[in-house]
Amino acid sequence: MSDLRIPPRSAVGFELKAGQLLTVIDPEGVQVADLLAYSLADPREVISNGRTFDYEETIRLTTGNRLWSNRSNVLLTIEADTVGCHDFLLTPCSEATFRHFYPGHPVHRGCFGNLAEALSPWGIEPDAIPVAFNCFMNVPVDQDGKVSVIAPISKAGDSLSLRAHQDLVIGITACSAYASNGGSFKPIDYRIDS
């Protein structure tokens with residue numbers, strides 16, 4: 001299957017069948033993609049950063065790590081990762097994010113609003129949007145626990161491949177926040193393979 005493109009500052013929703021491989025690609029470099037996964041059978045089962053950190057015993061997720069649900073089931077396994085730097089701490093950017101962090105810029109609905117629209121055909125409501133797995137996002141954690149958001153280290157063509165363990169509903173964005181993407185907004189590509 002050829003690559004599909006998510007335009008800057010937008011999102012898509014689609015179904016991913018058990019066993020299929022999803023590859024998220026940063027075609028131009030330095031661009032974050034927020035990723036959400038829900039069980040197709042029951043969208044109340046959703047990706048969970050807390051369960052994932054607990055069972056994987058790390059906050060630095062890369063090749064070989066699994067992404068777990070709120071019901072302690074594996075949803076996705078990372079099979080390949082050319083970047084090795086992603087975030088699973090910070091929530092999708094939203095209108096409130098823009099008012100808080102970027103008061104001198106126009107308010108944008110952000111990844112939260114884009115995901116809400118993209119996932120609505122499956123009956124997923126805004127309040128059901130958790131912390132996303134932020135592909136390529138660079139969030140250093142200092143020794144004192146302080147977090148910061150700096151430009152991704154991803155280069156043009158870098159990618160992350162995840163294998164589905166069950167039938168899923170996936171949401172992916174091309175992130176809308178200034179700091180997350182080094183100050184500019186670019187597309188994200190993705191591909192689904194059997």
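R66 has T77 as its bridge partner in β6. This is a predicted model, where local features need pLDDT of at least 70, side-chain atom pairs count only at pLDDT 80 or more, and totals for chains, interfaces and linings use all residues. Residues are numbered from 1 along each chain as its sequence is written, and side-chain values use heavy atoms, with hydrogens and water left out.

Strands β5 and β6 (residues 74-81) run antiparallel, joined by 3 bridges. Strands here are DSSP runs of E with at least two residues, and helices are runs of H or I with at least four, numbered from the N terminus. Two strands pair if DSSP finds at least two bridges between them.

## The sheet

Now zoom out: an open sheet of 6 strands goes β1-β10-β3-β8-β6-β5, with antiparallel pairing. At its edges sit β1 (4-6) and β5 (66-68), each pairing on one side only.

## The core

The largest nonpolar core has 43 residues, and L22, V24, I47, L76, F133 and I172 have the most contacts inside it. Such a core is a set of buried Ala, Val, Leu, Ile, Met, Phe, Trp, Tyr and Cys residues joined through side-chain atoms within 4.5 Å. Strand β4 (residues 33-39) gives the most to this core, with 5 residues.

## A buried loop residue

I129 is in the loop between α3 (110-119) and β7 (133-135). Why does I129 count as buried? Because its relative accessibility is 10%, and buried means under 20% relative accessible area (1.4 Å probe, protein chains only). Beyond neighbours within four places in sequence, I129 is in contact (heavy atoms within 4.5 Å) with L36, Y38, P92, F112, L115 and A116.

Key
Buried < 20%, exposed > 50% of the residue type's maximum accessible area, 1.4 Å probe, protein only.
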